[in-house]
Amino acid sequence: MNPIESGTSILKEIFNSFSMIDGAEITKLIEKIKQSQRIFFVGAGRSRIMLSAFCMRLNHLGIESYMAGNIPCPPAKKGDLVIAASGSCETPSVIAILKRLKKLDIDIFLFTANPKININNIANSILKIQAPYRFNENKNNSTQLMRTLFEQVVFFVSETVIKELSSTIPVKEIIARHTNLE
């Protein structure tokens, strides 16, 4: 396979996985973001990187957003929304944070690829992504390494949400919130 064929194969995987998502869950996420006072993001590894991009774009739109563990990061409280991503839902640091926040009655929206997850004690809403969720489990879902497809679809969903949310905001306002320290 040459590089163009490899890239095309990756795009097809993303398209196929994204196409299987319940669009109502994306709409629910958009509404939750609109109704929340602040948005917090929780993830580890490459999932955290995808969520960092989402967090940055929400701030560009004027929506107060924070990455858990970054400075500054105020405490989350009722009325806030936590958006988390864990392909396996087995990442100890992420699950511990979600359980603690759930006990505080904070609204949690979770991206995962684990089809067997019971969200009752870790999230209020879930968006399941058709992708490998364990390092040793591929089952023809992806030709890419480990949980790459999951991470790509999380990013793609976040860009979809940003596109919807930004449609009524003048571009000049968004640009004015972009950093000038680069």
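Helices here are DSSP runs of H or I at least four residues long, numbered from the N terminus. By that count, helix H2 covers residues 23-35, and both Glu25 and Lys28 lie in it. The model is predicted. Seven salt bridges turn up in a search of the whole structure, and the largest nonpolar core has 34 residues.

- Glu25 and Lys28 form a salt bridge whose closest N and O atoms are 3.5 Å apart.
- The two residues, Glu25 and Lys28, are three positions apart in H2, about one turn of the helix.
- Glu25 has a relative accessible area of 16% and is therefore buried, the cut-off for buried being under 20%.
- Lys28, at 34% relative accessibility, counts as partly exposed.
- A salt bridge also joins Glu31 to Lys34, with 3.6 Å between the closest N and O atoms.
- Glu31 and Lys34 are separated by about one helical turn, because they are three residues apart in helix H2.
- Glu31 counts as partly exposed at 33% relative accessibility, whereas Lys34 counts as exposed at 55%.

**A salt bridge between distant parts of the chain**

- The side chains of Lys78 and Asp105 meet in a salt bridge, at 2.3 Å from N to O.
- This pair links distant parts of the chain, its two residues being 27 residues apart.
- Lys78 sits in the loop between strand S2 (65-67) and strand S3 (81-85), and Asp105 in the loop between helix H4 (92-103) and strand S4 (107-112).
- Lys78 is exposed, with a relative accessible area of 56%, while Asp105 is partly exposed at 45%.

**Nonpolar cores**

- Within the largest nonpolar core, of 34 residues, Ile33, Ile83 and Phe111 have the most contacts.
- At least two residues of this core come from each of H2, strand S1 (39-43), helix H3 (45-60), S3, S4 and helix H5 (148-166).
- H5 supplies the largest share of this core, eight residues.
- Leaving aside residues up to four places away in sequence, Ile83 touches Leu29, Ile33, Ile39, Phe40, Phe41, Val42, Leu51, Phe54, Phe109 and Phe111.

Terms used:
Residues numbered from 1 in each chain as written. Predicted model: local features only at pLDDT ≥ 70, side-chain atom pairs only at ≥ 80, totals over all residues. Heavy atoms only, no water. Salt bridge = Lys/Arg side-chain N within 4 Å of Asp/Glu carboxyl O. Buried < 20%, exposed > 50% of the residue type's maximum accessible area, 1.4 Å probe, protein only. Core = buried A, V, L, I, M, F, W, Y, C linked by side-chain atoms within 4.5 Å. Contact = heavy atoms within 4.5 Å.
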